[in-house]
Amino acid sequence: MKLLTSLCLALSVLLVGGMAFAQQSDVQQQQERRLVQPGNNAPVWREVRKEAQEHTTTVRGRETGVLVQSAGQTWRQIRNGPVTFYGGWLVVLAVLIIAAFYFARGSIKLHERPTGRLILRFGTAEQVVHWTSAISFCVLGLSGLTLLFGKYVLLPVIGYLLFGWLTALAKNLHNFVAPLFILSVVVMIVMWLRDNLPRAYDFQWFRKSWAFMMHGEHVPSGRFNAGEKVWFWLGVIGLSIAVSWSGVILLFPNFDQTRAVMQEAWIWHASAALIYIAIALGHIYMGTIGVEGAYGNMRTGYTDETWAKEHHQIWLDETKSGRTAPGGAVPAGAPHMKEKS
Amino acid sequence: MARMKFLVDAERCIECNGCVTACKQENEVPWGVNRRRVVTINDGIVGAEKSISVACMHCSDAPCMAVCPVDVFYRTDDGVVLHDKDLCIGCGYCFYACPFGAPQFPQAGAFGLRGKMDKCTFCAGGPEPDKSETEFRKYGRNRLAEGKLPACAEMCSTKALLGGDGDVIADIYRERVLRRGKGSEVWGWGTAYGPGKPGAQPPAGQPQPTGARS
């Protein structure tokens, strides 16, 4: 043990000494070159081009001591290159696939007539949280798309004056709506975590998902089906964390984070957000025109028994047998079922 | 018309910060914003100390122009990169992309909210009418319109900082290098004006400086 400690100590002394020596030799090289080969200042310019190397300056501010940063050009190429190109086409492709699916398949309709018996599917708290995150997501998505693609898509159409006003609005909306989105998603994750835990029957759903989508075959599901669960884990949890974490870094430049940190955060933010938007388009489609009755469920909180039977049979059975409380935060004594008036 | 450039002679700069002061005074730059700064490497080490004055270099293929989401940047016939503050949204992307750390943001609110970007204009003002009151208030003095060169370079006591027609200042510098036999590197020109010989042309698609000697 003693040997190990002394070995570590010796190593660290060597390391620190080595670093000091390297620094010393850099400066010495610069000093010597001035005398030996005055026409070639290469050691000086190597020092100048060291990425994120802070030198001395009297001007206060972020990275004012850095003479040249090369990472900015790399960031520019990644942003204006792959992120804009592939990200843009990803969103366009998602829209095209959904449109093709809609025209080929049409919306998924109920097989049986609605019974008229309504079951509470989403409590008031769940609706509020869902719509808060949904609306804030749309605002963030649209403003973000404006900031990245507006220069190519909107500016040539609406001109500088209107576009300048629109992007200023987009930036401010993006900045001020973001905290609301983060908050609502955190609540949403806690609220729906239990109902999104994977169950054995979810794997069956994946096997039959094509038959369900194309031919309307019946696949029993819990409160959320396996597709919704994937959306929950991948989107609501995974992509939200990626987007929020990187977004907060960009949102608060007052913590003096360096340009390298903000460039990297931007690449994560834009990439994750574009994937998020592409997947969200699928969710929005399924929740509106893709599945008959789906929108009304979240809008009113109540669903028809036929809809519940055809889409979430296991949840319906559990609700009816009283094993699971229907909906979310239901006040005690509130009617879980009600007759359509 | 000429292709305007800055040239800093690291062999001559004595870190007096006269250029920084001249810029602030001439353009009445607000507090917290410095369009120009002097950076010293190996400060205090005899024989290894070098100082360089940095501001916007008015790049040929300007990264700020490429990443701006609102396209506020434009290039004058003199090759000077200017911007329209009325359109700027303060996103900070030009600051991420700029190799020289030129874009500055006055704080416009809590949490470091960025105001409209401010940077060196090569003393050439902005999109407003030349020498107008609004132009001065937003961008500072338009010395080029008055037939003068940038205040920083004009004020430089050792003439380390040269500003003007790229070909003319390159000639002055070449003569200096030949006389003293050292310090031939032109700092930042490769980054700002592209690889190859000093005075490289802007890439295709950008307005070409007219009348520039090759």
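How many residues of chain A are in contact with chain B? There are 48, and they meet 44 residues of chain B. Contact here means that C-beta atoms, placed from the backbone, lie within 7 Å.

Two housekeeping points. This is a predicted model: local features need pLDDT of at least 70, side-chain atom pairs count only at pLDDT 80 or more, and totals for chains, interfaces and linings use all residues. Residues are numbered from 1 along each chain as its sequence is written, with chains lettered from A and ligands numbered from 1 in the order written.

Back to the side of chain A that touches chain B. Helix 5 of chain A (155–192) gives the largest share, 7 residues. Helices and strands are DSSP runs, numbered from the N terminus; helices are H or I with at least four residues, strands E with at least two. By class, this side has 20 nonpolar, 20 polar and 8 charged residues. Asp, Glu, Lys and Arg count as charged; Ala, Val, Leu, Ile, Met, Phe, Trp, Tyr, Cys and Pro as nonpolar; the others, including Gly, as polar.

Now the strands. Strand 1 of chain A pairs with strand 2 of chain B, residues 37–41. The sense is antiparallel, over 2 bridges; pairing takes at least two in DSSP. T56(A) stands opposite T40(B).

Next, the largest nonpolar core. It has 93 residues. V8(B), C94(B) and L161(B) touch the most other members. Helix 8 of chain A supplies the largest share, 10 residues. Leaving aside neighbours within four places in sequence, C94(B) contacts C64(B), V67(B), C68(B), P103(B) and M117(B). A core joins buried Ala, Val, Leu, Ile, Met, Phe, Trp, Tyr and Cys residues through C-beta atoms within 7 Å; buried means 20 or more other C-beta atoms within 10 Å of a residue's own.

Notes: Two residues are in contact if their C-beta atoms, placed from the backbone, lie within 7 Å. A residue is buried if 20 or more other C-beta atoms lie within 10 Å of its own, exposed if 12 or fewer, and partly exposed in between; C-beta atoms are placed from the backbone.
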